[in-house]
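Here is a short briefing for a first look. Keep the sequence and the 3D view side by side as you read.

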Amino acid sequence: KRLLEACERRPNEPTFLVYMARIRLIQDRLDDALEVAQLVPSTGDLGMRARLIAAAVCLRKNRAEEAMKILEQAINDMPNAPEPYFNMAIVMLRLPKFDPDRNIAAEYYKKSVELGGARSLSLERRFNMVEAKDQQ
């Protein structure tokens, strides 16, 4: 109910648009999610979050290269935000197995953690970064 009220009061509010795009992504309404995300101004934190949603849509549509371009823009705009680096690592892992970008993906993941992003034990296992004590 509150979401509908907010929509009626300020339908073009960037915060609302990011939430709406995320909801559409969760609902698997990918085209709608992308359309709404593209309405968010591309600058600042909300712009970065909208780009993360757009990249997720591209990834779900098996368009990893397009997702990478979007994430590169997010990294250029917000180089100290860990989320685009983490997402770039995920996208790179979705590239064909023969692609040599696995080590680059690991570097993006490491950068995300260095910037304060959450660690992912499953990613660390995939990148062979887990020490014996961490596996217990």
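Start with Ser-112: at 1% relative accessibility, this residue counts as buried. Ser-112 belongs to helix H7. The model is a predicted one. The chain holds nine helices and zero strands.

**A buried serine**

- Which residues does Ser-112 touch, not counting residues up to four places away in sequence? The answer is Pro-82, Tyr-85, Phe-86 and Gly-117.
- Ser-112 counts as buried because its relative accessibility is 1%, and buried means under 20%.

**The chain as a whole**

- Read along the sequence, the pattern is α-α-α-α-α-α-α-α-α.
- The chain has 136 residues, and 38% of them count as buried.
- Residues 24 or more positions apart account for 45% of them.

**Helix H5**

- H5 runs over residues 64-77, which makes 14 residues.
- From first C-alpha to last, H5 reaches 20 Å, close to the 20 Å expected at 1.5 Å a residue.
- Which residues of H5 are buried? They are Ala-64, Ala-67, Met-68, Ile-70, Leu-71, Ala-74 and Ile-75.
- The face of H5 turned away from the buried side carries the exposed residues Lys-69 and Asn-76.
- What covers the buried residues of H5? The cover includes helix H4 (44-60), helix H6 (82-93) and helix H7 (102-114).

**Helix H2 and the residue after it**

- H2 spans residues 14-26.
- H2 has 13 residues and reaches 18 Å from its first C-alpha to its last. That is close to the 18 Å expected at 1.5 Å a residue.
- The buried residues in H2 are Phe-16, Leu-17, Val-18, Met-20, Ala-21, Arg-24 and Leu-25.
- Asp-28 follows H2 and has a positive phi, near 65 degrees.
- Asp-28 sits in the loop between H2 and helix H3 (30-37).

**The largest pocket**

- The volume of the largest pocket is about 220 Å³.
- Which residues line the largest pocket? The lining consists of Thr-15, Val-18, Tyr-19, Arg-22, Leu-25, Leu-46, Arg-49, Leu-52, Ile-53, Ala-56 and Asn-87.
- H2 and H4 each supply at least two residues of this lining.
- Val-18 and Leu-25 are among the lining residues, and both are buried residues of H2.

**Asp-101, between H6 and H7**

- Asp-101 lies in the loop between H6 and H7.
- Is Asp-101 buried or exposed? Asp-101 counts as buried because its relative accessibility is 18%, and buried means under 20%.
- Leaving out residues up to four places away in sequence, Asp-101 touches Met-92 and Leu-95.
- Asp-101 and Ala-89 are twelve residues apart in sequence. Their C-alpha atoms are 9.4 Å apart in space.

**Leu-115, between H7 and H8**

- Leu-115 lies in the loop between H7 and H8.
- Leu-115 is partly exposed, at a relative accessible area of 25%.
- Neighbours within four places in sequence aside, Leu-115 is in contact with Pro-79, Asn-80, Ala-81, Pro-82 and Tyr-85.
- Leu-115 and Tyr-85 are 30 residues apart along the chain, and 9.3 Å separates their C-alpha atoms.
- Pro-82 and Tyr-85 are in contact with Leu-115, and Ser-112 touches them too.

**Asn-128, between H8 and H9**

- Asn-128 is found in the loop between helix H8 (121-126) and helix H9 (132-135).
- Phi of Asn-128 is near 55 degrees, a positive value in a residue other than glycine.
- Is Asn-128 buried or exposed? Asn-128 is exposed, because its relative accessible area is 71% and exposed means over 50%.

How values were computed. Residues are numbered from 1 along each chain as its sequence is written. This is a predicted model: local features need pLDDT of at least 70, side-chain atom pairs count only at pLDDT 80 or more; totals for chains, interfaces and linings use all residues. Side-chain values use heavy atoms; hydrogens and water are left out. Helices (H or I, at least four residues) and strands (E, at least two) are DSSP runs, numbered from the N terminus. The expected span of a helix is 1.5 Å times one less than its number of residues. Buried means under 20% relative accessible area, exposed over 50%, partly exposed in between (1.4 Å probe, protein chains only). Contact means heavy atoms within 4.5 Å. On a 1 Å grid over the protein atoms alone, a cavity is a set of points where a 1.4 Å probe fits but cannot get out, and a pocket is an open set with protein on both sides within 12 Å along at least five of seven lines; lining residues have an atom within 4 Å of a point. Grid points are joined across faces, edges and corners, and a volume is the space filled by probe spheres set on the points.
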